[in-house]
Amino acid sequence: WQKLRIKVQQPWVSVTLNQTQVLRININEWDTAGKNPDGTDNKFNVALKDKPRIGHIALQDHGTEVRFRKIRIMRLPQVD
C-alpha cells in the first residue's frame, strides 16, 4: 500500500507520498485560468484560486482497479 497525505491549510496545499513531500503550493498563486504560476499551460478553465475551497471530497481512478483503505479526514486549525 502507498501512504498519501494531503494537507490543506489555506492557502497552502501539501502532498506527501510515503513520507516524502512531493508538492507544496500556495493556491493563491494560481490566479489565471489555463496557466500555472510559471506561465506554462494547464487544463483548468477557472483559476484554481477561484475554485470553491469547501465542499465534497472525491476519490478518482483512471479506469483501472483501485482500492482505498484507512481514509481519515481531520479539520485543521486555520492559519493566518
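**Terms and values in this predicted model**

Student: Why is Asn-18 called partly exposed?

Tutor: Asn-18 has a relative accessible area of 35%. Buried means under 20% relative accessible area, exposed means over 50%, and partly exposed is in between (1.4 Å probe, protein chains only). The 35% of Asn-18 falls in between, so the residue is partly exposed.

Student: What should I know about the source?

Tutor: This is a predicted model, in which local features need pLDDT of at least 70 and side-chain atom pairs count only at pLDDT 80 or more, while totals for chains, interfaces and linings use all residues. Residues are numbered from 1 along each chain as its sequence is written, and side-chain values use heavy atoms, with hydrogens and water left out.

Student: How many helices and strands does the protein have?

Tutor: There are 0 helices and 3 strands, in the order β-β-β from the N terminus. Both terms refer to DSSP runs numbered from the N terminus: helices are H or I with at least four residues, strands E with at least two.

Student: What makes S1 and S2 a pair?

Tutor: Two strands pair if DSSP finds at least two bridges between them. Strand S1 (residues 4–9) and strand S2 (residues 12–17) have 6 bridges in the antiparallel sense, so they pair under that rule. One of the bridges links Ile-6 to Val-15 in S2, and a hairpin with 2 residues joins the strands.

Student: Which strand does S3 pair with?

Tutor: S3 pairs with S2, also antiparallel and over 6 bridges. Val-13 stands opposite Ile-25 in S3.

Student: What is the form of the peptide bond from Gln-10 to Pro-11?

Tutor: That bond is cis, with omega near 5°. Pro-11 is placed in the loop between S1 and S2.

Student: Why is Gln-19 called exposed?

Tutor: Its relative accessible area is 60%. That value is over 50%, so Gln-19 is exposed.

Student: How do you know that Ser-14 is buried?

Tutor: Ser-14, in strand S2, has 12% relative accessibility. This is under 20%, so Ser-14 counts as buried. Leaving aside neighbours within four places in sequence, its contacts (heavy atoms within 4.5 Å) include Arg-5, Ile-6 and Leu-23. Of the 80 residues of the protein, 16% count as buried.

Student: What makes up the largest nonpolar core?

Tutor: It has 5 residues: Val-13, Ile-25, Ile-27, Trp-30 and Leu-48. A nonpolar core is a set of buried Ala, Val, Leu, Ile, Met, Phe, Trp, Tyr and Cys residues joined through side-chain atoms within 4.5 Å. In soluble globular proteins, nonpolar side chains tend to be buried together. Leaving aside neighbours within four places, Ile-27 is in contact with residues including Pro-11, Leu-48 and Arg-53.
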